[in-house]
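Hi,

Here is the structure I promised to pass on. Have a look at it first, and my notes follow below.

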Protein chains: 2
Amino acid sequence: MLLYDSPLAPNPRRVRIFLAEKGVCVPTRPVDLMTLEHKRSDFEGVNPLRAVPALVLDDGAVLTESVAICRYFEWLHPEPNLFGRDGRDQAFVEMWQRRMEFALFMPVAFAFRHSHPRLAALEQPQMPEFAAAQRPRAIDAMRFLDRELAGRPFVAGETFSIADITAFVALELTKLARIDIPAELANLARWRAETGARPSAAA
Amino acid sequence: MLLYDSPLAPNPRRVRIFLAEKGVCVPTRPVDLMTLEHKRSDFEGVNPLRAVPALVLDDGAVLTESVAICRYFEWLHPEPNLFGRDGRDQAFVEMWQRRMEFALFMPVAFAFRHSHPRLAALEQPQMPEFAAAQRPRAIDAMRFLDRELAGRPFVAGETFSIADITAFVALELTKLARIDIPAELANLARWRAETGARPSAAA
């Protein structure tokens, strides 16, 4: 296996944290997003949608999309469980993973992509007013998550899951997106400090 | 069980098509998006993120997010299989589901939400220039899918899956999004005609 990775981008980081939680080590090859290496035609042979991460399997098949790659590793290495155990549990983990992705991760990522000067070549046309409209949505999602975390330790329930990874990586991107996490969100701060203290957070 | 549904919106339709493929009938309650019924405080008790679909389980728990709801029904009614069989297969179905969602469904949905006059109250602020930037992305995704469909009958491989549902519903929204599907994409046209001829397409 070979994982096309990028140290700076949030999506590959989701996969790295997931692998660290599993204790799994995979050979990686870095892709330089700043020089648009992933947009070059030779990378199109790896992923025609020209995005990282991408996982080349031993038979040459290429699996892309962070969550799909994580699900593949969940199958290969079921413990610790990060996608839920029975079907009902898995559905609720998926709900929280997607809520974090669509309500939190995407507004933060859009705010970043549409406002940061270093992403002007990547995101064309960059629309600062679109970025501005995303910031209050991200804050709303943080308030929602803060209320939810009043009653349980992790995003999807009693155990750490892929939903925590998506939410954590989204919050890590807030600085670059110029979004201030409201200081009064104590449950969110507690959860973020705990998640950041896990060894996987360094991945 | 009770499914909060909306006849006009694309995400509830994904769930309805999925249920029709499974041959499963679930009691539904319509939510009127045009009068912003889903944004009212009483609906917040069902889904704090104020979106449809939402599935109320018999024990009162509420499952939201179309794909999470579909995954729950896959667990309850495994046949016909729509999420893949073994772990590897499931990862590739997830990859295609997500590629269709992020590369095709989202640009089409954004073009619709940011340009259609009837959505001006729902999508604030509506940004027609953002809609305009999404249309060529949706066309790129159609060209990509057309090339892929040259070699296989369905989006994710040899069998119909949730990835077909996401892609089909996205194409159904192109008219409202004012996106013309390029007429020369013969594989896409073949696949769309076949998918549209399935009984589930009427759901």
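To start with a quick one: is A:Lys22 buried or exposed? A:Lys22 is buried, because its relative accessible area is 9%, and the cut-off for buried is under 20%. Keep in mind while you browse that this is a predicted model.

That lysine has a partner, by the way. The side chain of A:Lys22 makes a salt bridge with the side chain of A:Glu74, at 2.6 Å from N to O. This pair ties together distant parts of the chain: A:Lys22 sits in helix 1 (residues 10-22) of chain A and A:Glu74 in helix 3 (residues 66-76) of chain A, 52 residues apart. A:Glu74 counts as buried too, since its relative accessibility is 11%.

Now the two chains. Chain B superposes on chain A through a rotation of 180° with 0.0 Å of shift along the axis, and the RMSD is 0.0 Å. That is how a two-fold axis relates copies. Which residue of chain B comes closest to the rotation axis? It is B:Phe130, with its C-alpha at 3.8 Å. As for the interface, 100% of the interface residues of chain B are interface residues in chain A as well, so the copies meet through the same surface.

On to the charged pairs. Over all chains, the structure holds 35 salt bridges. Here are a few I looked at:

- B:Arg98 pairs with A:Glu101, with the closest N and O atoms 2.5 Å apart. This one crosses between chains, from helix 4 (residues 87-113) of chain B to helix 4 (residues 87-113) of chain A. Both B:Arg98 and A:Glu101 are buried.
- B:Glu184 pairs with B:Arg143, and here the closest N and O atoms are 3.0 Å apart. The pair links distant parts of the chain, 41 residues apart: B:Glu184 is in the loop between helix 6 (162-172) and helix 7 (186-197) of chain B, while B:Arg143 is in helix 5 (residues 128-148) of chain B. B:Glu184 counts as exposed because its relative accessibility is 54%, whereas B:Arg143 is partly exposed at 33%.
- A:Arg71, A:Glu94, B:Arg71 and B:Glu94 are joined into one network by salt bridges that share partners.

The UniProt record (an unreviewed entry) places "domain: GST N-terminal" at residues 1-81 of chain A. The span is 35% helix and 16% strand, and its end C-alpha atoms lie 22 Å apart. A:Met1 lies in the segment before strand 1 (2-5) of chain A. With a relative accessibility of 32%, A:Met1 counts as partly exposed. A:Met1 also belongs to a nonpolar surface patch with A:Trp75 and A:Leu76, and together they have about 260 Å² of accessible area.

A:Ala138 is in helix 5 (residues 128-148) of chain A, and A:Ala138 counts as buried because its relative accessibility is 0%.

Over to you now.

Cheers

Methods
Residues are numbered from 1 along each chain as its sequence is written. Chains are lettered from A and ligands numbered from 1 in the order in which they are written. This is a predicted model: local features need pLDDT of at least 70, side-chain atom pairs count only at pLDDT 80 or more; totals for chains, interfaces and linings use all residues. Side-chain values use heavy atoms; hydrogens and water are left out. Patches are made of residues with over 30% relative accessible area and no salt bridge: like charges are joined within 9 Å, nonpolar side chains (Val, Leu, Ile, Met, Phe, Trp, Tyr) within 5 Å. Accessible areas come from the Shrake-Rupley method with a 1.4 Å probe; for residues, only the protein chains shown count as cover. A salt bridge is a side-chain nitrogen of Lys or Arg within 4 Å of a carboxyl oxygen of Asp or Glu. Helices (H or I, at least four residues) and strands (E, at least two) are DSSP runs, numbered from the N terminus. Buried means under 20% relative accessible area, exposed over 50%, partly exposed in between (1.4 Å probe, protein chains only). UniProt positions are given in the numbering used here, feature names are shortened, and annotations may be inferred rather than shown by experiment. Copies are superposed by least squares on the C-alpha atoms of residues with pLDDT of at least 70 in both. Contact means heavy atoms within 4.5 Å.
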